[in-house]
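Look at the chain below before reading on. The report goes from the overall fold to single residues.

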Amino acid sequence: MQYVRDLSQGNQESVTTLLHSLLDTGLSHGKTNHFDSGFEEEVYKKLTQRGYEVDTQVGVSGYKIDLAIYDSKQSKYIVGIECDGAAYHSSKSARERDIFRQKYLESRGWKILRIWSKDWWEDPNTEIDKIDQFIKNIS
């Protein structure tokens, strides 16, 4: 509705801004490590020990991906990793919001993996091995 209104009123700047926001695939990130939980920090440490270049809280169109693996040879992120802890499991709305967010990110070209805290605490090496295998399959 806003697009039609702005277009009919000749507000080209607003039209352009709105269209760019719909097509936004830009990334915002910094090299500062920020973790929402000890779980995320543990996953980060294991991934970097395996030689991966990992950024935290990578922003995409207003959403944040917990961890993102960057491939310097391809000059791009090759996978986003979501760490789902207790808050995710205890709230239906959180699950629904994350499902929508994941679908949106995948529509922008992201490959998203989820690590469940329960699985992580039972066997972190198996979870990292799954990520290794996933990356080998997409490379």
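## Overall fold

The structure is a predicted model. Its chain has seven helices and five strands.

The chain has 139 residues, and 36% of them count as buried. Its accessible surface is about 8,500 Å². Carbon and sulfur atoms account for 51% of that surface. The contacts also say something about how the sequence folds back on itself. Among contacts between residues at least 6 apart in sequence, 53% join residues at least 24 apart.

## How the strands pair

Strand β2 covers residues 53-60 and strand β3 covers residues 63-71. The two run antiparallel and are joined by seven bridges. In this pairing, Asp 55 stands opposite Ala 68 in β3. Strand β3 also pairs with strand β4, residues 76-84, again in the antiparallel sense, over five bridges. Here Ile 69 faces Val 79 in β4. The hairpin of β3 and β4 has four residues between the strands, and Ser 75 in this hairpin takes a positive phi near 55°.

Strand β4 has a further partner in β5, and these two pair in the parallel sense over five bridges. Across this pairing, Asp 84 stands opposite Trp 116 in β5. How much of β4 is covered? Eight of its nine residues are buried, so the strand is described as mostly covered.

## Helix α7

Helix α7 spans residues 124-138, which makes 15 residues. From its first C-alpha to its last, α7 reaches 22 Å, close to the 21 Å expected at 1.5 Å a residue.

Which residues of α7 are buried? They are Glu 127, Ile 128, Ile 131, Asp 132 and Ile 135. Seen down the helix axis, the buried residues of α7 fall within an arc of 145°, so they line one face of the helix. An α-helix has 3.6 residues a turn, so residues three or four places apart point the same way. On the other side of α7, Lys 136 and Asn 137 are exposed. The cover over the buried residues of α7 includes the helices α3 (38-49) and α6 (117-122). It also includes the strands β3, β4 and β5 (112-116).

## Aromatic rings

A search of the whole structure finds five aromatic pairs. One of them is formed by Phe 39 and Trp 120, whose ring centres are 6.3 Å apart and whose planes meet at 50°, so the pair is tilted. This pair links distant parts of the chain, since Phe 39 is in helix α3 and Trp 120 is in helix α6, 81 residues apart. Phe 39 is buried, with a relative accessible area of 6%. Trp 120 also counts as buried, at 2% relative accessibility.

Another pair is formed by Tyr 70 and Tyr 77. Their ring centres are 5.2 Å apart and their planes are at 75°, so this pair is edge-to-face. Are these two residues buried or partly exposed? Tyr 70 is partly exposed, with a relative accessible area of 25%, whereas Tyr 77 is buried, with a relative accessible area of 11%. The cut-off for buried is under 20%. Phe 39, Trp 120 and Trp 121 form one aromatic cluster.

## Glu 82, a buried residue in β4

Where is Glu 82 located? Its place is in strand β4. Glu 82 counts as buried because its relative accessibility is 2%, and buried means under 20%.

Which residues does Glu 82 touch, leaving out those up to four places away in sequence? They are Lys 64, Ile 65, Asp 66, Arg 101, Ile 112, Leu 113, Arg 114 and Ile 115. Strand β3, residues 63-71, takes in Lys 64, Ile 65 and Asp 66 from this list. Strand β5, residues 112-116, takes in Ile 112, Leu 113, Arg 114 and Ile 115. Both strands pair with β4, β3 in the antiparallel sense and β5 in the parallel sense.

Technical notes: Residues numbered from 1 in each chain as written. Predicted model: local features only at pLDDT ≥ 70, side-chain atom pairs only at ≥ 80, totals over all residues. Heavy atoms only, no water. Buried < 20%, exposed > 50% of the residue type's maximum accessible area, 1.4 Å probe, protein only. Contact = heavy atoms within 4.5 Å. Areas by Shrake-Rupley, 256 points an atom, 1.4 Å probe, with all protein chains shown as cover. Pairing = 2+ DSSP bridges. Expected span 1.5 Å × (residues − 1). Arc of directions from axis to C-beta. Phe/Tyr/Trp six-rings, centres within 6.5 Å; stacked < 30°, edge-to-face > 60°.
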